[in-house]
Amino acid sequence: MDKILEALVSSSHPLTVKRAIVKKVMEAAEKEVTEEQCQALYHLTTRLILQGEDAFQRQVGLQVQEAYARYHRDEFARFFSKEFVLGLLQQGYGSLDCRDPAILDFLHSSLRLLISCPAVLELAPLLQTEVLRIICERPEPATCAKLATILTDFPQCVPREKAGVLFCQQLVRTFAYFNCPATEERELREYVTQVTRVSVLLQGIWKAEPATLLPSLQEVFAIISSTDPSFEPSIALASLVQHIPLQMITVLIKSLTTDQNVKDASMTQALCRMIDWLSWPLANHVDTWVIALLKGLAAVQKFTILIDVTLLKIEQVFNRLWYPIVRQGALVVLSHMLLSFQHSPEAFHLELPKPNEEKIKFFLNQSAWTSQSNSFASGLLKITGKSETGKTGLVNLGNTCYMNSIIQILFMATDFRRHVMSLHLNGSNTLMKKLQLLFAFLAHTQRAAYSPRSFLEGSRPPWFTAGSQQDCSEYLRFLLDRLHEEEKTLSAFQVTSPKPEPATTSAETLNNAASQPVADMPLHPEPVAAKGDGRTLVERMFGGRLSTAIRCLQCHSLSEKEEPFTDLSLAFCPSMSKCHGPNDEHKSSSSVGPCQGAVNGGSESSEGSVKEGAGTRMERPVVEPTLSVVAAPEYLILTLLRFSYDATCHVRRKILDNVGIPLHMSLPLRQHGISVTSSSSDSPESGENLAKKLKPSQKEDGMTENRTNSESNDSDSEMLSVPYVLSSVVVHSGMSSESGHYYSYGRNVSNTDGYVAHPSSKSLESSSLSESSTASQEEMGCADHKSTDWFLFNDSRVTFTNSESLRNVTGRFPKDTAYVLIYRKQEVSGQPSNPGPVVNGSRLSGEPPLQKELMDAITKDNKLFLQEQELNARARALQATSASCSFRPNGSDDNEPPGSCGPSGGGGGGGFNTISRLVF
C-alpha cells in the first residue's frame, strides 16, 4: 500500500484522480493490515508531512496517517516511540532543523492521535526535559508559541516542582529576547498573537502551581533592572503583567521599595522599562503597577528616582496619547506624574501640543468628584452629575423657560460672552454684573444646573407676572435695552461727575447708578466716547441700523430716516399664515420662509382718495415706503412673528408653518449713497415691533412696477452681501400663544468660523433678506461645525444634538417651531471686523481669565454644592429602605419633543397676556 501511495503522489495524474485513489487508500485502513504495512505507511506519511514537495503531498500525508492511526493505534504508538521523538527534537528530520516549527506541528498532531493512550504518559518525562532544554536555548517567538500550544493541550508535559520553577524563570528570560523586526501589519499581528499565546501558558502554570509565581516575578525584575548597556529587554514582558494577581501589588511594591540590595540606578531602570510597557497594545494593568511603584517610591521618600524618571519619560508617555489602543493607560500615568510633580514647573516646560478648551473641560468634568458613579448604589442613591457635554443647565423657577432659553443663546454668543466676562465690574450691583456672574457660573460651576434666581429678580420686566409664561422675544428685547441704557447712564455719570479721589468710589458710583430706576434715567443721553466709538456693548454686538425711505411716485421726492435696531421681526405672508386653532395640528407639507421682500427692496405702495366737504374728493398721494439695512450687526437677531390675533375667530393663535432654517445666509447691506433728509440717532421707535414695516406688499404687480420706476433714482445704491452663520435658535413648543414651553439650540461660533466672503455689488431690486443664496454658499464648502458642536438646552437638561435635528424639529414635532434665531456675522474681505476683548492691554482670541471676585464666588458655591451632595446622599441612604420611586428615563430629543413647563404647556394659568405682544 505504501508503494502505491508513494507512486501516486509523485505521478502526473490529475488531482481529481489522485484524490479518488487516496480516498480508496484511506478506506482500506478499516480493513486488517499487517504491522509491517502500518509501519511502512507511517514512515511514508511522516516523510510526506515534513518534506512534502507541495501542499497536496503534505495534506495526503496528514489524512492517511490520521486514518490508519485511528484504526491501528497500537501500531502507531510503537512507531511514535521515545527514540523517534528524541531524534526529532534533538536532530530534526532529514534536512529539517530540530528548531523548525514544522517539527513541533508534527509532534502536536501525533500526540493528539494518542491523546487517550498510555503512550502519552510514557512520553511526558521525555518531553518535560526537552521543552526545558529548548526554552533555555532562547528560541524565536514562533517556536515558543508552538511549544506553548503543545503544553496547553498536554499539561502533563509541563515540567514539575523544581524543574517547573526553572522552566518558568527561563521562559520569562526568553520573553526578554522576543524582538519584532517586522514592519507589515499582518506580521505585527502575528507577533502579538504568538507572545500572547506564551503568556497564557505562563498564566496557566502560575495558577496550577502558585509556587512558581514569585520566582518568575523576581526574574522579571532582575531583567528590567539590569544596567547592562548591551542588553535591552523586549517590551513583550508587558504581556505578563495582566496575569499577575492585583492582590499582590501591596506586598510586592513594599518588598521592592524597602529592599536595601536594590540600587537606585537599578530601580530607575526598572521603572523606566515598566513605563515603556505602556506601548504594548494588549497589556492590561500596566498603568496600575506603574502608579503603585511611583507611590511606593514616594512613600519611602526616594524622590530622586521619581524626578529623574518623570523628566526622562513624561514626553514619551504624552506621545502615547496619540494611539487610541494604549491611550487609556498612558493618560492615567501621565496625569499622576504631572499632578504629583508639584515642587517645580520643570515637567510642564515641554513643547507639547495643547488641547483646546472644550477638550480640557470635558476631561476635567470626567474626573470631577461629582461625575463619579457607584455601580453598587441603588437608584435612589445615584446623584445626577453634570451633563456629558460639559455645559450647565438652568433650573426652571416656575415657567421661566422663556428666560432660560434666552440666557443660553446669549451665553453661546461666543464673542458677546467673552466681552461680558472681560469687563471689570468689581463691587457693582448692575444688571451687567449679574449677567457676568451668571455667565461665570454657566462656564465653571460643578452643578448640573444652576439656579438663576438673582438674575431673574433683576431682569424681569415690571409688567411680567411672576410664575406665568411670558414671551421670550419680549424678554430679550427688554434685557438688551436695560443693558444698553444702563451702560450709557453709567458712562454719562462718569463723565459729568467729578473724578473720585479714592479708587474705591467708582464702585459706589456704579451701585448708585444701578439702584436708580431705568425710568428715572435720561432716555437718550448723549453718546460718550468711552470705548473707541462710544457705543455700548449691546450696540457693538447686536446693534444695526435701518433706513426707512418714503418716495412719492408723483413728484419723486424722497424722505429717509435711519434708526437703530437690535432685532428684526419677520411676518408671515397672509397666504401662508392660515388660521390654526388651539387643537389644529395642521402644518404645511413643505418648509416655507417668512415673507420675502421685507428688507432691502421690500416696499408697498399706498394710494386712494379722501373725502373733503360735501361731494368733493381729494386724491391722496401715491407713496412707496422702502426699508433697507445700512449697518449690519455682529449678531443678527431674527424674530418670527408666530403669535397673532385673528379678528375673524376672535382668538389669539399661533402660526404653525414650518420655516426652513439655513445654516448660512447673506444679509444685503446698502452702501451709504443716498442723502438723508431726516434721521434720528436714537429714536423712541427703535424698540417697537417692526412687523408692520416688514409685512409684504398686498399688490405684487404694483410692487414690481414701483421698483422699476424707482430703479433710475437708486442706480447709485450699491449692495454688499454680508455673510452670516447660524449660532442659536429658540424653539417654542405648544399649540397656542397662551401656553407652551421654550427650549433652545446653540453652538459656539465666532466671526471667523464660517467662510471669508468677498464683497459683491448687487442692485437694490435684487436684494432681500432670504436664504436665496444659501444653497450656493453651502455648495461652496462653507466651513460648518461638527454634529457634536450643537447643544440642546432644555432648562436643566443639556444634551448633544446636530443641525439636522434642529432643521427638522417641526417635521418631527408639529407643535415645536423656531421662534428666535441668532446669526453671527462672518469676516468680509476689505471690511473692518469687531475685535475681541482687551485684557491687560492685550487682545484675547479665547476665553478671558476669570476675575478673582468671580472665582471666589464659584469656589464658594462649588464647596457648598459638594456639601449638599454629601448631605443628600446620606439622607437618601436613610430613606432607601422604605422609599419607593419610579424613574422616568431621559428621552432623546430625536424621539420625543423636549417637553413643556406644565401639564397644559404654560402651567400655572399663565400665558402671553399682553396684547402688545401680538401681531394684528
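Does I325 count as buried or exposed, and at what relative accessibility? At 59% relative accessibility, I325 counts as exposed, where exposed means over 50% relative accessible area, buried under 20% and partly exposed in between (1.4 Å probe, protein chains only). This is a predicted model, in which local features need pLDDT of at least 70 and side-chain atom pairs count only at pLDDT 80 or more, while totals for chains, interfaces and linings use all residues. Residues are numbered from 1 along each chain as its sequence is written, and side-chain values use heavy atoms, with hydrogens and water left out.

I325 lies in helix 17, which covers residues 324–340. Between I325 and P281 there are 6.1 Å in space, C-alpha to C-alpha, although the two are 44 residues apart in sequence.

The chain as a whole has 31 helices and 20 strands, which are DSSP runs numbered from the N terminus (helices: H or I, at least four residues; strands: E, at least two). Of its 920 residues, 49% count as buried. The accessible surface comes to about 45,400 Å², and 53% of that belongs to carbon and sulfur atoms; such areas come from the Shrake-Rupley method with a 1.4 Å probe, and for residues only the protein chains shown count as cover. When contacts (heavy atoms within 4.5 Å) are taken between residues at least 6 apart in sequence, 79% of them join residues at least 24 apart.

| Residue | Relative accessibility | Class |
|---|---|---|
| I325 | 59% | exposed |
| C136 | 36% | partly exposed |
| C401 | 0% | buried |

A search of the whole structure finds zero disulfides, a disulfide being a pair of cysteine sulfur atoms within 2.5 Å.
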